Amino acid sequence: MTSEKADNLSQWVESYTAELYSWAFYKLSDSEQAKDLVQETFLAVAENIDGFKGESTPKTWLFSILNHKIIDFYRKKVSQPVSIESHSLLNYFESDGDWQENKKPRNWQNEEDHLLDDDEFQSVLKRCLDALPEKWNTCVKLKYLTEKSGDDICQELGITPSNFWQVIHRAKVQLRDCVEKNWFNN
């Protein structure tokens, strides 16, 4: 690496680390993992700085690399197997597949209209999201927080549409149960 490129890299680290970290933390909700991915981004930049042709801004190039690191992180998480039994989902359904009478989804329309504005509710929801298996958590965050389409998520994570919708359904069931236990039954 030439002296000029080393100076560029040092300047980029100083100028963009905070923004890259913010973005990674937003996407991952995990401070340590966000720091690791930002560090991996700069390591990749150091190894491939000769590949930067200046056709985009350094910031655009860095964020592109970071986004690929985030996608790779989620791909690895999604490939881990999930046991349904270990997450008590079988407790929601009868042997024939119907809902257990006392576990059917409730009508929440009579609850507060603005739960997402309530800090305590947000804390409960975050804990419930964090309690999901990584694959489920990833799919829910990509669909509902980043508002990606199901097709885009399937492509990014390398899963089939039927698997994706099954994961979303199971995650919503578990989230509903967790929120009911930790918020509505307080």
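Reader: What should I keep in mind about the numbering and the model?

Author: Residues are numbered from 1 along each chain as its sequence is written, and side-chain values use heavy atoms, with hydrogens and water left out. The model is predicted, so local features need pLDDT of at least 70 and side-chain atom pairs count only at pLDDT 80 or more, while totals for chains, interfaces and linings use all residues.

Reader: Which residues touch the most other members of the largest nonpolar core?

Author: A nonpolar core is a set of buried Ala, Val, Leu, Ile, Met, Phe, Trp, Tyr and Cys residues joined through side-chain atoms within 4.5 Å, where buried means under 20% relative accessible area, exposed over 50% and partly exposed in between, with a 1.4 Å probe and protein chains only. Here the largest such core has 44 residues, and W12, L20 and L157 touch the most other members.

Reader: Which rings pair with their planes at 75°?

Author: Rings of Phe, Tyr and Trp (its six-membered ring) pair if their centres lie within 6.5 Å, and planes under 30 degrees apart count as stacked, over 60 as edge-to-face and the rest as tilted. Of the 7 aromatic pairs in the structure, the one formed by W12 and W61 has ring centres 6.0 Å apart and planes at 75°, so it is edge-to-face. Both residues, W12 and W61, are buried, and ring pairs link W12, F52 and W61 into a cluster.

Reader: How do the rings of Y21 and F25 pair?

Author: Their centres are 6.0 Å apart with planes at 20°, so the pair is stacked. Y21 counts as partly exposed at 26% relative accessibility, as does F25 at 37%.
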